[in-house]
Amino acid sequence: LGKVMKQYVIPIYGLKPGIHNYEFELNHSFFESFNSELLQNPNIRVKLLLEKTSNMVILNFSANGTGEVPCDRCGDTMELTLECTDRVIVKYGDEKPLDIDDIIVLLPSEHELDVSSRINEMVILNMPLKAAHESLDECDQDTISRLSGNQGNKDIDPRWEELRKLK
């Protein structure tokens, strides 16, 4: 693990039963370690409420913050507000199951849990599929004008003008 990621490793083995709170600040270096460029200038705070019992650990994540993404309408940079939660159950066992999203199995040889990939997944999967300024007025008007075909007084190639008459 790199130095940046060590802070996301929780020593489960030595943890006493009960509730434990953790806080993480996500910035550019966090997402860069996952080769993710979806979110620029992120400033996200993640709170983890960990509840340890004798036979399992329950992880309750909540994240909120901001980051910059390109507007899908005009391509201009816009600020995106993120709020998301996730719940994961960590059980102790001898075999790792295949593809169970909300359950992590810790083998007897594993004494700590890296929550960095879980946090990254939670944030990335909760980003909207389409990110656009709330109103068209906030978009780059020059780009919107070009995309809508209103290019002003530009001379139109006469060949295109002939094609328009065919409508």
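I looked up L59 to start. Outside the four places either side in sequence, L59 touches L48, L49, L50, D86, R87, V88, V90, L113 and V115. Contact here means heavy atoms within 4.5 Å.

This is a predicted model: local features need pLDDT of at least 70, side-chain atom pairs count only at pLDDT 80 or more, and totals for chains, interfaces and linings use all residues. Numbering runs from 1 along each chain as its sequence is written, and side-chain values use heavy atoms, without hydrogens and water.

Next, the core. I find L59 and V115 touching the most other members of the largest nonpolar core, which has 37 residues. Such a core is a set of buried Ala, Val, Leu, Ile, Met, Phe, Trp, Tyr and Cys residues joined through side-chain atoms within 4.5 Å. I note that β2 (18–26), α1 (28–32), β3 (40–52), β4 (56–70), β5 (77–92) and α2 (116–125) each supply at least two residues. β5 gives the most, 6 residues. Helices (H or I, at least four residues) and strands (E, at least two) are DSSP runs numbered from the N terminus.

Then S116. I place S116 in helix α2. S116 is buried, at 3% relative accessible area. Buried is under 20%, exposed over 50%, partly exposed in between (1.4 Å probe, protein chains only). Beyond its neighbours within four places in sequence, S116 contacts M5, Y8, F30 and F34.

Last, L163. I find L163 in helix α4 (residues 158–164). L163 is partly exposed, because its relative accessibility is 47%.
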